[in-house]
Amino acid sequence: MSTVTTASRRQGRGGRERILAAAAGLFAAQGINATGMEQIAERAPVSKRTLYAHFRTKDELVLAHLKDLASTGGTLEGALTRKDIPPRERILALFDPPPAGTDPVRGCPFIDAAVEFPDPQNAVHSYARERKLLMVRLVADLVAELGCREPSVLAEQLVTLADGAASRAMVLGDSNYGRYARTAAEILLDNALSTTI
């Protein structure tokens, strides 16, 4: 190992966090399957031995990455659990653009992961499915709180809009693409809630 490589490696604690941070950046920039474990170790920087001590397989690392994203609230459904804004605004927050400087536009990381791990029995795909089902339950709870008579139907409609907008934003490279779906979501909410009065 060269002196330059040795000097660039950080010693001590925090290896797991550095690995997850490196993986998050690389997965967002180039996709999961296009990112190699060696690249992640280099970016972290950690030795491959350290990387595999924390994550025995790439699938294990991807799963940890997704769980880390979910725990930070930085995903679409993160807006739904906020207590500082009313239920309707939480739902409409699904269509807000990502924070400035978030590049590239990646859409929903759970959908991205499910696409890259298409086997429904795979742990990554299964976790992505769980998160998408949780999103529907969270929206259903919020629209029920607003007085909707058929919360599960409206929740499926709203979540389909949000996921579709996130996917189109990624494909088109337009971080503000959700503005179109937000208008449709407002109409859906207004129509569903006007029948409850």
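**Close-up views of a predicted helical model**

**View 1. R82 and D84 pair up.** R82 forms a salt bridge with D84, with 2.6 Å between the closest N and O atoms; a salt bridge here is a side-chain nitrogen of Lys or Arg within 4 Å of a carboxyl oxygen of Asp or Glu. R82 is partly exposed at 38% relative accessible area, while D84 is exposed at 55% (buried is under 20%, exposed over 50%, partly exposed in between, with a 1.4 Å probe and protein chains only). This is a predicted model, where local features need pLDDT of at least 70, side-chain atom pairs count only at pLDDT 80 or more, and totals for chains, interfaces and linings use all residues. Residues are numbered from 1 along each chain as its sequence is written, and side-chain values use heavy atoms, leaving out hydrogens and water.

**View 2. D190 meets R88.** Their side chains form a salt bridge at 2.9 Å, N to O. D190 sits in helix α10 and R88 in helix α6 (residues 87-92), so the pair ties together parts 102 residues apart in sequence. Helices are DSSP runs of H or I, at least four residues long, numbered from the N terminus.

**View 3. R182 and E186 along α10.** This salt bridge spans 3.5 Å, N to O. The two residues are 4 apart in helix α10, so about one helical turn separates R182 from E186. Salt bridges with shared partners join E89, D96, R182 and E186 into one network.
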